[in-house]
Amino acid sequence: SFGNLEQITMDRLLILLCVLSTLALVQGSHASNTTVLTKITTVTGNTDGDCGMLLAFGWITVELIGNNKETCSTHTLDNSGDDMNPGQTDEYTGDILGSCRTTEFADGLFQFVIHHHGFDGWCMHSVSLTFNTGAVLDCVADITLDNDQGYRCPGHN
């Protein structure tokens, strides 16, 4: 009832305000300590004349597996323009990161897997993951992926 509201003293309102402010700070600091993927960088190898990949015939996705068994997958790594040419560096951000854009890895990443799909091979020099914490996880392989192969990269804590 409104009579009870009139009985709240100014001191109680100040205490309530302090408690709510503290809770907001604790929740905000927790959110900033979570690890979320913000960017994937690929570097296509340049070791032979057939390292590039036509995305109509081959494509790449990335799966992340956390230390607490959290998992997420990207959409097909494909920017507007021409991706994955020999010697080329490509960066992927935003919606293309799929569920990895919002999946939190509180205790780090166990591993990530580069999945090749289709029949046009791709020479993977490296794939790097960048997280909102500023951490960058590099995986240098210098291999060719083709015909639905995958490559596992170690994670971090």
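Helices (H or I, at least four residues) and strands (E, at least two) are DSSP runs, numbered from the N terminus. This is a predicted model, in which local features need pLDDT of at least 70 and side-chain atom pairs count only at pLDDT 80 or more, while totals for chains, interfaces and linings use all residues. Residues are numbered from 1 along each chain as its sequence is written, and side-chain values use heavy atoms, with hydrogens and water left out.

Next, select residues 13-20, where pLDDT stays under 50 and the model has 1 contact (heavy atoms within 4.5 Å) beyond four places in sequence. Where pLDDT is low, the predicted coordinates should not be read in detail.

Now select strand S2 (residues 58-66), in which 7 of the 9 residues are buried, meaning under 20% relative accessible area with a 1.4 Å probe, protein chains only. Two strands pair if DSSP finds at least two bridges between them; S2 runs antiparallel to strand S5 (residues 109-118), with 9 bridges joining them, and S2 also pairs in the antiparallel sense with S3 (residues 71-73), over 3 bridges.

Finally, select Lys-69, which takes a positive phi near 70° in the hairpin of S2 and S3, where 4 residues lie between the strands.

How values were computed: Buried means under 20% relative accessible area, exposed over 50%, partly exposed in between (1.4 Å probe, protein chains only). pLDDT is the predictor's confidence in each residue, from 0 to 100.
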